[in-house]
Amino acid sequence: MGQKINPLGFRLGTTQKHHSFWFAQPKNYSEGLQEDKKIRNCIKNYIQKNRKKGSNRKIESDSSSEVITHNRKTDSGSSSEVITHIEIQKEIDTIHVIIHIGFPNLLKKKGVIEELEKDLQKEIHSVNQRLNISIEKVKEPYREPNILAEYIAFQLKNRVSFRKAMKKAIELTKKADIRGVKVKIAGRLGGKEIARAECIKKGAMRSQS
(Lines give C-alpha, C1' and ligand atoms only; values in the text may rest on other atoms or scores of the structure.)
Protein backbone atom coordinates (compact mmCIF):
# COMPACT_ATOMS: atom_id res chain seq x y z
CA MET A 1 0.00 0.00 0.00
CA GLY A 2 1.17 3.52 -0.77
CA GLN A 3 2.06 5.88 2.04
CA LYS A 4 -0.39 8.79 1.97
CA ILE A 5 0.84 12.28 2.82
CA ASN A 6 -1.41 15.17 3.82
CA PRO A 7 -1.44 17.64 0.88
CA LEU A 8 -1.13 20.53 3.34
CA GLY A 9 2.56 19.69 3.72
CA PHE A 10 3.19 20.45 0.05
CA ARG A 11 1.25 23.73 0.10
CA LEU A 12 2.62 25.40 3.22
CA GLY A 13 4.07 28.81 2.43
CA THR A 14 2.43 29.04 -0.99
CA THR A 15 -1.36 28.71 -0.79
CA GLN A 16 -1.81 27.39 2.76
CA LYS A 17 -0.53 28.05 6.27
CA HIS A 18 -0.29 26.06 9.50
CA HIS A 19 -3.55 25.29 11.30
CA SER A 20 -1.98 25.24 14.78
CA PHE A 21 0.21 27.94 16.34
CA TRP A 22 1.83 27.08 19.67
CA PHE A 23 5.11 26.06 21.26
CA ALA A 24 5.78 23.12 23.61
CA GLN A 25 8.73 21.24 25.01
CA PRO A 26 9.43 17.91 23.26
CA LYS A 27 8.11 15.90 26.22
CA ASN A 28 4.79 17.83 26.16
CA TYR A 29 4.37 17.96 22.38
CA SER A 30 2.23 14.80 22.10
CA GLU A 31 -0.17 16.12 24.78
CA GLY A 32 -0.65 19.37 22.85
CA LEU A 33 -1.24 17.43 19.63
CA GLN A 34 -3.89 15.25 21.27
CA GLU A 35 -5.54 18.34 22.75
CA ASP A 36 -5.78 19.90 19.26
CA LYS A 37 -7.40 16.73 17.93
CA LYS A 38 -9.95 16.70 20.76
CA ILE A 39 -10.85 20.35 20.10
CA ARG A 40 -11.37 19.77 16.36
CA ASN A 41 -13.36 16.56 16.85
CA CYS A 42 -15.58 18.15 19.51
CA ILE A 43 -16.43 21.14 17.28
CA LYS A 44 -17.16 18.96 14.23
CA ASN A 45 -19.33 16.56 16.25
CA TYR A 46 -21.24 19.47 17.80
CA ILE A 47 -22.06 21.01 14.41
CA GLN A 48 -23.00 17.66 12.89
CA LYS A 49 -25.29 16.81 15.82
CA ASN A 50 -27.08 20.17 15.77
CA ARG A 51 -27.40 20.15 11.98
CA LYS A 52 -29.20 16.78 12.15
CA LYS A 53 -31.54 18.12 14.86
CA GLY A 54 -32.38 21.17 12.75
CA SER A 55 -33.15 19.13 9.63
CA ASN A 56 -35.32 16.67 11.59
CA ARG A 57 -37.38 19.51 13.10
CA LYS A 58 -38.03 21.00 9.67
CA ILE A 59 -39.10 17.67 8.19
CA GLU A 60 -41.42 16.90 11.12
CA SER A 61 -43.09 20.34 11.06
CA ASP A 62 -43.51 20.61 7.27
CA SER A 63 -46.14 18.90 5.17
CA SER A 64 -45.09 16.60 2.32
CA SER A 65 -45.47 19.33 -0.32
CA GLU A 66 -43.48 21.80 1.77
CA VAL A 67 -40.68 19.27 2.30
CA ILE A 68 -40.13 19.09 -1.47
CA THR A 69 -39.76 22.87 -1.71
CA HIS A 70 -37.45 22.82 1.31
CA ASN A 71 -35.20 20.26 -0.38
CA ARG A 72 -35.07 22.32 -3.54
CA LYS A 73 -33.98 25.36 -1.58
CA THR A 74 -31.25 23.46 0.19
CA ASP A 75 -29.77 22.07 -3.06
CA SER A 76 -27.68 25.21 -3.51
CA GLY A 77 -26.96 25.63 0.21
CA SER A 78 -26.55 21.98 1.15
CA SER A 79 -22.89 22.62 1.88
CA SER A 80 -23.83 24.96 4.75
CA GLU A 81 -22.13 24.51 8.12
CA VAL A 82 -19.16 22.71 6.54
CA ILE A 83 -15.92 23.55 8.32
CA THR A 84 -12.99 24.13 5.98
CA HIS A 85 -10.45 24.15 8.80
CA ILE A 86 -10.03 25.01 12.48
CA GLU A 87 -7.16 27.26 13.53
CA ILE A 88 -5.80 26.89 17.07
CA GLN A 89 -3.55 29.48 18.72
CA LYS A 90 -2.29 28.75 22.23
CA GLU A 91 -0.98 31.27 24.72
CA ILE A 92 0.00 30.86 28.36
CA ASP A 93 -3.49 31.42 29.74
CA THR A 94 -5.70 31.44 26.62
CA ILE A 95 -6.59 29.07 23.77
CA HIS A 96 -7.87 30.91 20.70
CA VAL A 97 -9.98 28.74 18.38
CA ILE A 98 -10.89 30.22 14.99
CA ILE A 99 -13.48 28.23 13.03
CA HIS A 100 -13.30 28.82 9.28
CA ILE A 101 -16.70 27.87 7.87
CA GLY A 102 -18.52 28.29 4.58
CA PHE A 103 -21.98 29.43 5.75
CA PRO A 104 -22.06 30.05 9.54
CA ASN A 105 -25.86 30.04 9.97
CA LEU A 106 -25.94 27.67 12.95
CA LEU A 107 -23.01 29.21 14.83
CA LYS A 108 -24.52 32.71 14.62
CA LYS A 109 -27.51 31.70 16.73
CA LYS A 110 -27.73 33.08 20.24
CA GLY A 111 -26.04 30.98 22.93
CA VAL A 112 -24.41 28.52 20.51
CA ILE A 113 -20.83 29.74 21.03
CA GLU A 114 -21.25 29.70 24.84
CA GLU A 115 -22.60 26.14 24.71
CA LEU A 116 -19.74 25.06 22.46
CA GLU A 117 -17.19 26.61 24.84
CA LYS A 118 -18.67 24.64 27.76
CA ASP A 119 -18.47 21.40 25.77
CA LEU A 120 -14.83 22.08 24.89
CA GLN A 121 -13.94 22.89 28.51
CA LYS A 122 -15.34 19.51 29.57
CA GLU A 123 -13.57 17.70 26.72
CA ILE A 124 -10.05 19.05 27.28
CA HIS A 125 -10.37 19.65 31.06
CA SER A 126 -8.88 23.11 30.70
CA VAL A 127 -8.73 24.72 34.17
CA ASN A 128 -5.83 27.17 33.91
CA GLN A 129 -6.53 28.25 30.32
CA ARG A 130 -9.44 30.32 29.03
CA LEU A 131 -11.14 29.36 25.76
CA ASN A 132 -11.91 31.99 23.15
CA ILE A 133 -13.92 30.83 20.10
CA SER A 134 -14.42 33.03 17.05
CA ILE A 135 -16.10 32.39 13.68
CA GLU A 136 -14.61 33.42 10.36
CA LYS A 137 -16.68 33.08 7.20
CA VAL A 138 -14.82 31.81 4.14
CA LYS A 139 -14.87 34.55 1.50
CA GLU A 140 -15.12 32.17 -1.46
CA PRO A 141 -16.69 28.95 -0.12
CA TYR A 142 -16.79 27.21 -3.50
CA ARG A 143 -13.00 27.28 -3.68
CA GLU A 144 -12.90 24.85 -0.76
CA PRO A 145 -12.86 21.11 -1.64
CA ASN A 146 -14.54 20.17 1.67
CA ILE A 147 -17.62 22.23 0.80
CA LEU A 148 -17.83 20.85 -2.74
CA ALA A 149 -17.44 17.27 -1.48
CA GLU A 150 -20.24 17.81 1.05
CA TYR A 151 -22.43 19.26 -1.69
CA ILE A 152 -21.90 16.18 -3.91
CA ALA A 153 -22.57 13.82 -0.97
CA PHE A 154 -25.82 15.68 -0.20
CA GLN A 155 -26.95 15.36 -3.82
CA LEU A 156 -26.19 11.63 -3.88
CA LYS A 157 -28.21 11.12 -0.67
CA ASN A 158 -31.15 12.79 -2.39
CA ARG A 159 -30.95 10.28 -5.28
CA VAL A 160 -29.56 12.79 -7.77
CA SER A 161 -27.56 11.30 -10.67
CA PHE A 162 -23.84 11.24 -9.80
CA ARG A 163 -22.88 12.77 -13.17
CA LYS A 164 -25.35 15.60 -12.65
CA ALA A 165 -24.01 16.20 -9.13
CA MET A 166 -20.40 16.30 -10.39
CA LYS A 167 -21.25 18.73 -13.22
CA LYS A 168 -23.19 20.97 -10.84
CA ALA A 169 -20.22 21.07 -8.43
CA ILE A 170 -17.95 22.13 -11.31
CA GLU A 171 -20.44 24.87 -12.21
CA LEU A 172 -20.29 26.19 -8.65
CA THR A 173 -16.51 26.57 -8.92
CA LYS A 174 -16.99 29.06 -11.74
CA LYS A 175 -18.33 31.54 -9.16
CA ALA A 176 -14.97 31.34 -7.38
CA ASP A 177 -12.93 31.97 -10.56
CA ILE A 178 -10.94 28.73 -10.32
CA ARG A 179 -8.52 27.85 -13.15
CA GLY A 180 -9.15 24.13 -12.99
CA VAL A 181 -11.00 21.47 -11.02
CA LYS A 182 -11.01 17.68 -10.84
CA VAL A 183 -13.89 15.71 -9.33
CA LYS A 184 -13.66 11.97 -8.70
CA ILE A 185 -16.33 9.68 -7.28
CA ALA A 186 -15.80 6.00 -6.49
CA GLY A 187 -18.13 3.24 -5.34
CA ARG A 188 -21.28 1.49 -6.53
CA LEU A 189 -22.36 4.35 -8.75
CA GLY A 190 -25.91 4.35 -10.03
CA GLY A 191 -26.77 1.32 -7.87
CA LYS A 192 -24.55 -1.02 -9.93
CA GLU A 193 -23.21 -4.18 -8.29
CA ILE A 194 -19.65 -3.62 -9.49
CA ALA A 195 -17.84 -0.66 -7.96
CA ARG A 196 -16.06 1.76 -10.25
CA ALA A 197 -14.62 5.27 -10.32
CA GLU A 198 -15.75 8.23 -12.42
CA CYS A 199 -13.68 11.39 -12.92
CA ILE A 200 -14.37 14.77 -14.53
CA LYS A 201 -11.71 17.40 -15.17
CA LYS A 202 -12.14 20.96 -16.33
CA GLY A 203 -9.52 23.64 -16.89
CA ALA A 204 -5.82 23.64 -16.00
CA MET A 205 -4.77 21.53 -13.02
CA ARG A 206 -1.24 22.96 -12.69
CA SER A 207 -0.42 26.38 -11.33
CA GLN A 208 0.63 28.80 -14.04
CA SER A 209 3.57 31.06 -13.29
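Student: In what order do the elements of the protein run from the N terminus on?
Tutor: From the N terminus on, the order is α-β-α-α-β-β-α-β-α-α-β-β, which comes to six helices and six strands; helices (H or I, at least four residues) and strands (E, at least two) are DSSP runs numbered from the N terminus. This is a predicted model, in which local features need pLDDT of at least 70 and side-chain atom pairs count only at pLDDT 80 or more, while totals for chains, interfaces and linings use all residues. Residues are numbered from 1 along each chain as its sequence is written, and side-chain values use heavy atoms, with hydrogens and water left out.

Student: OK, and which strands form the open sheet, in what order?
Tutor: Four strands make up that open sheet in the order 1-2-3-4, with mixed pairing, where two strands pair if DSSP finds at least two bridges between them. Strand 1 (20-21) and strand 4 stand at the edges with a single partner strand each, so one side of each is left without a neighbour in the sheet.

Student: How do strand 2 and strand 3 run, and how many bridges join them?
Tutor: Strand 2 and strand 3 run antiparallel and are joined by seven bridges, forming a hairpin with three residues between them; Glu 87, for instance, has Ile 98 in strand 3 as its bridge partner.

Student: And in which sense do strand 3 and strand 4 pair?
Tutor: Strand 3 and strand 4 pair in the parallel sense over eight bridges, and in strand 4 the bridge partner of Thr 94 is Arg 130, while that of His 100 is Glu 136. Helix 4 packs on the sheet and touches strand 3 and strand 4, its direction making about 130° with that of strand 4; such angles run from 0 to 180 degrees between N-to-C directions, with axes fitted to C-alpha atoms, for helices over the stretch in contact.

Student: Is strand 3 covered on both faces or exposed?
Tutor: Both faces of strand 3 are covered, with Thr 94, His 96, Ile 98 and His 100 buried on one side and Ile 95, Val 97, Ile 99 and Ile 101 buried on the other. Buried means under 20% relative accessible area, exposed over 50% and partly exposed in between (1.4 Å probe, protein chains only).

Student: Which residues touch the most other members in the largest nonpolar core?
Tutor: Of its 21 residues, Ile 39, Ile 43, Ile 47, Val 97 and Ile 99 touch the most other members, a nonpolar core being a set of buried Ala, Val, Leu, Ile, Met, Phe, Trp, Tyr and Cys residues joined through side-chain atoms within 4.5 Å. Helix 2 (29-61), strand 2 (83-90), strand 3 (94-101), helix 4 (112-124) and strand 4 (130-137) each supply at least two residues of this core. Apart from it lies another core of 17 residues, including Tyr 142, Ile 147, Val 183 and Ile 185.

Student: Switching to Lys 90, is it buried or exposed?
Tutor: Lys 90, which lies in strand 2, counts as buried because its relative accessibility is 16%. Its side chain reaches the backbone oxygen of Gly 32 at 3.2 Å.

Student: Last one, where is Arg 159 found?
Tutor: Arg 159 is found in the loop between helix 5 (145-157) and helix 6 (162-173), where this residue has a positive phi of about 65° although it is not a glycine. Most residues other than glycine have a negative phi. At 78% relative accessibility, Arg 159 counts as exposed.

How values were computed. Polar contact = N/O pair within 3.5 Å; in protein donor to acceptor, adjacent residues only side chain to side chain. Contact = heavy atoms within 4.5 Å.
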